[in-house]
Amino acid sequence: MSELQLWDDNPTTVDLLGFTSIVDTVVAALQSPSLDPVTIGVNAPWGGGKSTVLGLLHEALDKEPGYRVIRLDPWEFDDQFDVRGAVIGEVLQDLLTAYPDEPLEDPVNDLLERISWARVAASMARGRLVAQTDELVKAFTPQSREDAKSLAGFRGEFAKLLHNLPLLTRLVVLVDDLDRCLPDAVMATLEAIKLFLSVKKVAFVLAADQEMVRESIAVSLDATGRGEQFALRYLEKIVQLPLSLPRISTDEAGAYIALLLSQRRCEQEDEFAQLVGHAQQRRAQGHSPVLADMQGLPWEPGAEILGLASRFAAGLAAHRSGSPRSIKRFLNAFALRTRIAERHGIDIDASVIAKLMLLEDSHSKDFETLVRLQEAQRAELLERWQAWGRDEQDKPAEVTEDSREWAASDPDLTTAPIGPYLSLAASLVSLTAAASMTQQQLTWVGGLASASEPHRRDAQAEIVTALIADQQAVVAALVQRARRESETDPLAESLVHIAVRTPELRSAVAEGLWEIRKHLMPGAVVELDSSGVEELQALIPQLATATDIDPATQEFAKITTERKP
């Protein structure tokens, strides 16, 4: 039995993707005296390597004399009620810890007290505290700039504190996962940066998907009547220097996959480090491919690794956004699928599994066609399919136009014993759902679940024009999300919208809604009733007799059922 090789989802401390140029650029910007204070945005889609860049940047800045680096992740804060205060508090507490010999205790405590009183006032405003004492009543009383309980003078006092720290040249705050935060938390973090902490000696580096942050700003400001254009200007006002991580090309993806596979095969850590250094050097010199001319290295990947990496990269390029995380997850899915096949006694070459997985992931309809055929019919179709891929005959009517590149790729499947593997694969969860979602699919899910009707309507209009495989992945994700949401009406509405316009998914949507019946609200019954879809309307009498759902939903389902002739 082969060793099971899996890759974690954590940011790496080894630069396998050539992010060094980005890191060097950010370091140079932080050292520029004309950019003080400054906020730098590192933009990339989900899984695009932002956290890795922050880690490499942290490592580089730790070597700079007089630099103090703080890494924050607002998404993980315990205190989601006052994210703004939590961000400021984290920075102040870190300074107190980092400079124990400096007289910081009194000024830091003064600033922390201002934050604490601001939190009290916010709690009272939201009805979380009742003003029963004179001290609490004073929290609502306007304070002078010099008052210890006022935030008005916070920024000036914070600037003074840093100015009086001769050992500190630059305080760099790295903010990660901002695009995972809820809209109010995003706004609170940006407010903390712009209104309170952006002073001389301070720099912020925000790693986030700029589009998702902008959308969060727009959602947070919906009640004010200000729209997308204001959100764009708001973000531009805060981020002075935006940088985007490059999309991974097919060649770079192949090198990245080869390095990941090599990291498992190379037994000596220093030999692998030399391989990575060789790739970085060729990349810096503009040479491609980066994994070539390796004869002088003590260890180099063999033809098997390079060939498999090339096939993966070519196949994934047609379907995925080129993100390091999606590549890792696909490799993990490949490792698990290979191990399952071995455990079932299926003797099949790894490259054959790789090609079939790429078909399953990128062209799900074609994969289903292949699974349904008998062995003789399957071999005959594969022969015509691959001949079309090589431009030797016309396209078979049974397959889609998009599958041509897949059909032309190695290995040849016409003589491979793929029947047992296909039977196994058909019994497992679809790879698209099991491996990872693309950035576009995640964007659709966010829009379809949005409490903002305009955002939801836009996402609904887009998703029903997407490929069936995309819609399937989104439906599964919406059902999964509904299990965690307290407000499920937007999710139910979007699921019904998809079912109405995509007949192929009506049964799947109905099954999904029944699975999450405990989380459905009365509004979902209205959507089901008005859908005009038989499979969905059939759920209403079932909800009327269900005993494990919200009582109000059950009652509404009963009323709706009784109204039917």
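# A walk through the predicted fold

Phe154 and Phe158 are both buried. That makes them a handy place to start in this model, which is predicted. Confidence limits apply: local features need a pLDDT of at least 70.

Two numbers are used for the rings. A pair of aromatic rings is described by the distance of the centres and the angle of the planes. The structure contains five aromatic pairs. One of them joins Phe154 to Phe158, with 6.2 Å centre to centre and 20 degrees between the planes. The pair counts as stacked, because planes under 30 degrees apart fall in that class. Where do Phe154 and Phe158 lie? Both belong to helix α6, residues 154-163. They are four residues apart, about one turn of that helix.

Phe154 has another ring partner, Phe196. Here the centres are 5.8 Å apart and the planes stand at 90 degrees, so the pair is edge-to-face. Which parts does the pair tie together? Phe154 is in helix α6, while Phe196 is in helix α7, residues 183-197, so the pair connects parts that are 42 residues apart in sequence. Phe196 is buried, as is Phe154.

Now step back to the whole chain. The protein has 565 residues, and 49% of them count as buried. Its secondary structure comes to 28 helices and five strands. The accessible surface comes to about 27,200 Å². Carbon and sulfur atoms own 50% of that surface.

Next, helix packing. Take helix α10, residues 250-265, and helix α11, residues 269-284. They pack at an angle of about 170 degrees, and their axes are 10 Å apart. That angle makes α10 roughly antiparallel to α11, because angles over 145 degrees fall in that class. On the α10 side, the contact uses Glu252, Leu259, Ser262 and Gln263. On the α11 side, it uses Phe272, Leu275, Val276 and Arg283. By class, the contact has four nonpolar, two polar and two charged residues.

Leu356, Leu359, Glu360 and Ser362 come from α14. They meet Ser364, Asp366, Phe367 and Leu370 of α15. The class count for α14 with α15 is four nonpolar, two polar and two charged residues.

Which residues of α18 are buried? They are Gly419, Tyr421, Leu422, Leu424 and Ala425. Their cover includes α13 (324-343), α14, α15 and α16.

Most residues other than glycine have a negative phi, and most peptide bonds are trans. Start in the loop between α11 and α12 (303-317), where Pro289 is found. A cis peptide bond joins Ser288 to Pro289, with omega at about 0 degrees. Asp293 lies in the loop between α11 and α12 as well. Its phi is positive, about 55 degrees, although Asp293 is not a glycine. Is Asp293 buried or exposed? Asp293 has 53% relative accessibility, so it counts as exposed, the cut-off being over 50%.

Asp391 is not a glycine, yet its phi is positive at about 65 degrees. Asp391 is exposed, with a relative accessible area of 62%. Then look at the loop between α17 (404-408) and α18 (419-426), which holds Pro411. The bond between Asp410 and Pro411 is a cis peptide bond, with omega at about 0 degrees.

Terms used. Residues numbered from 1 in each chain as written. Predicted model: local features only at pLDDT ≥ 70, side-chain atom pairs only at ≥ 80, totals over all residues. Heavy atoms only, no water. Helix = DSSP H or I, 4+ residues; strand = E, 2+ residues; numbered from the N terminus. Buried < 20%, exposed > 50% of the residue type's maximum accessible area, 1.4 Å probe, protein only. Areas by Shrake-Rupley, 256 points an atom, 1.4 Å probe, with all protein chains shown as cover. Axes fitted to C-alpha atoms, helices over the stretch in contact; angles between N-to-C directions. Parallel < 35°, antiparallel > 145°, perpendicular 65-115°, else oblique. Contact = heavy atoms within 4.5 Å. Nonpolar A, V, L, I, M, F, W, Y, C, P; charged D, E, K, R; others polar. Phe/Tyr/Trp six-rings, centres within 6.5 Å; stacked < 30°, edge-to-face > 60°.
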